[in-house]
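Reader: Please show me the model, and then we can go through the fold by question and answer.

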Amino acid sequence: MNRRQKMIIYQVLPRLFGNQNDACKCNGTIEENGVGKLADFTPKVLREIKMLGCTHIWYTGIIEHATQTDYTQYGIERDNMFVVKGKAGSPYAIKDYYDVDPDLAVNISERMQEFESLVGRSHAAGLKVIIDFVPNHVARRYHSDAQPDGVIDLGQNDNSEVHFDPQNNFYYIPRQEFQPQFYIGEGDQKYREYPAKATGNDCFGAYPNRNDWYETVKLNYGVDYLHGRRKCFDPIPDTWFKMRDILLFWCSKGIDGFRCDMAEMVPVEFWGWVIPRIKELYSGVDFIAEIYNPHEYRYYIEGGKFDYLYDKVGLYDLLRSIVNGHAAASQITRCWQSLDGITTHMLNFLENHDEQRIASPNFAGDPFRAYPALIVSAMMNVNPMMIYFGQELGEPAVDAEGFSGLDGRTTIFDYWSVPSVRAWYAGGTCSVVGLTPEQKELRRRYKQVLTLCNKEAAIREGAFFDLMYVNGDNPNFDARKQYAFLRKKDNELLVIIVNFCDRAVDVGVKLPQHAFDLWNMAAREYSAKELLTGDVDQKVVSPEVLFRSSVKAYGAVIWKCTDTNNRKKKI
């Protein structure tokens, strides 16, 4: 199939997937609560994820990270419990860049082979594989026991007597012991670090507190943060080469993309150097940047060579505000306009592991309220869309799992499982039988929307036209609660209207003459099909006549207009 695909990413945390203990204990150990395995992603499971409409699967937490579980019998050094968040540990406190998290393996001694098999199964199901690359920081006790022969470990050749050296891998606080502002044990159990290293969130002192990323240490890419952020990139810093080699190692395993954690905390010059070098050898590998500063967006696309960036401080934040009644739908126009020229590089989402679940009391409390936001996020343009596992089931995240507590999020620090996903997984049968009627309906809607993203050429690769500028003062349309836009490809025109209101509405949408001139469209009556319900009608598509439709509460319509007189002729 030689056509452009719209990237639909399914993010999943394997540790929390599958059938673990139904009676999980807060702050429970791996023995008490169980843990999801790579083997839980059977061909059937992967086919079901593909059939949901997904093109990619992002396995979060693959690379070995610090944990409170003892794996010393497998040659893995034990971590100190006082600098590990949660019993399972954070997937973003990397302990060995060249190894797989032992939690995820059935046969721990063959954990890398199990990951390679997972990649093969994913590809066989038609899913491309994304994993995390965590470039800014590592666990406080980073040590690779699986690195290839000849690889020098991070920090092995550092000069720890100086704050900064361009060829050091870490930043140091010379002649000072690590003394955080919290308890780190006593006697043999005490965590000791001398000299102290800088902490991952750019804390360049020996005294981080609980709100710092205290379980991590900052990597040195040749920026002297203590002296005006002086850049020392000639000669190329040692860390650049080490990170390049790590990326190449994982590319050799057959992965198709990297989601780069806190990419903006790593100098853009490094990305501009490393990404082209990776793509020279693995041309199909995508790079996605987690970045939150809109002023830096173009630097990381143009200079850093990233394929996609998180659209968090933009569309996500705005849609959340609209869903909760704190912003007007008309503001979506200004949101995408601020990204003029880079819209196709933005990754849209409504949930991920850092954000509160839609169905949680902390967000909307009802996943159906965000259905119009899903339509906008997934269908407004050709750029990628991401779904977090359990989102399609309305997971409310009302458990106090352990380290992170009751915060409306699904934990990333603990041994736990996601109740809604567990009910759907059903021992690997992937059945909707155990779901509530509401969960079944929500999943059906997600599947329909995500599938349409690639089924319909106008959504997959068509042009976009915002209709709000001619409907702001339209008495037949409430621009605070409704949003309308067009998608167009060849002889197919989609008129998409969403309703963020808690009641059904009958709207009349103005279609501007400019759209007809731009796309060389003829004003006439067309045969139309509403893609979400299957309803058919005759619709007048004209700048002289309002485009009329009913839209349900928290609903949407997608009217596909076709020229039945001459299907080959462009509309």
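**Helix, core, rings and loops**

Author: Helix α2 is followed by glycine 53, whose phi is positive, near 115 degrees. Helices (H or I, at least four residues) and strands (E, at least two) are DSSP runs, numbered from the N terminus. This is a predicted model, in which local features need pLDDT of at least 70 and side-chain atom pairs count only at pLDDT 80 or more, while totals for chains, interfaces and linings use all residues. Residues are numbered from 1 along each chain as its sequence is written, and side-chain values use heavy atoms, with hydrogens and water left out.

Reader: Which residues of helix α2 are buried?

Author: Buried means under 20% relative accessible area, exposed over 50%, and partly exposed in between (1.4 Å probe, protein chains only). Helix α2 spans residues 43-51, and its buried residues are Val45, Leu46, Glu48 and Ile49.

Reader: Within what arc do the buried residues of α2 fall, seen down the axis?

Author: The arc is that of the directions from the helix axis to the C-beta atoms. An α-helix has 3.6 residues a turn, so residues three or four places apart point the same way. The buried residues of α2 line one face of the helix, because they fall within an arc of 155 degrees.

Reader: Which residues touch the most other members of the largest nonpolar core?

Author: A nonpolar core is a set of buried Ala, Val, Leu, Ile, Met, Phe, Trp, Tyr and Cys residues joined through side-chain atoms within 4.5 Å. In soluble globular proteins, nonpolar side chains tend to be buried together. The largest core has 173 residues, and those that touch the most other members are Trp250, Phe258, Trp271 and Met379.

Reader: What does methionine 379 touch?

Author: Residues up to four places away in sequence are not counted. On that basis methionine 379 touches Arg487, along with Val449, Leu452, Cys453, Ile459, Phe485, Ile496 and Ile558.

Reader: How many disulfides does a search of the whole structure find?

Author: A disulfide is a pair of cysteine sulfur atoms within 2.5 Å. For cysteine 561, the closest cysteine sulfur is in cysteine 453 and is 18 Å away, too far for a bond; cysteine 561 counts as buried, at 0% relative accessibility. The search of the whole structure gives a total of zero.

Reader: Where is the cysteine sulfur nearest to that of cysteine 26?

Author: Cysteine 26 is partly exposed, with a relative accessible area of 39%. It is in no disulfide, and the nearest cysteine sulfur, 10 Å away, is that of cysteine 24.

Reader: Is the pair of tyrosine 97 and phenylalanine 133 stacked, edge-to-face or tilted?

Author: Rings of Phe, Tyr and Trp (its six-membered ring) pair if their centres lie within 6.5 Å; planes under 30 degrees apart count as stacked, over 60 as edge-to-face and the rest as tilted. The structure holds 39 such aromatic pairs. With ring centres 6.4 Å apart and planes at 45 degrees, the pair of tyrosine 97 and phenylalanine 133 is tilted.

Reader: How many residues apart in sequence are the parts that this pair ties together?

Author: Tyrosine 97 is buried at a relative accessible area of 0%, and phenylalanine 133 is buried at 1%. Tyrosine 97 lies in strand β4 (residues 94-100) and phenylalanine 133 in strand β5 (residues 128-133), so the parts tied together are 36 residues apart.

Reader: What is the angle between the ring planes of phenylalanine 241 and tryptophan 273?

Author: Phenylalanine 241 is in helix α4 (residues 238-251) and tryptophan 273 in helix α5 (residues 268-281), 32 residues apart. Phenylalanine 241 is partly exposed, with a relative accessible area of 31%, whereas tryptophan 273 is buried, at 9%. Their pair is edge-to-face, with 5.5 Å centre to centre and an angle between the planes of 90 degrees.

Reader: Where does proline 235 lie?

Author: The peptide bond from aspartate 234 to proline 235 is cis, with omega near 5 degrees. Proline 235 lies in the loop between β11 (230-231) and α4.

Note on methods
Contact means heavy atoms within 4.5 Å.
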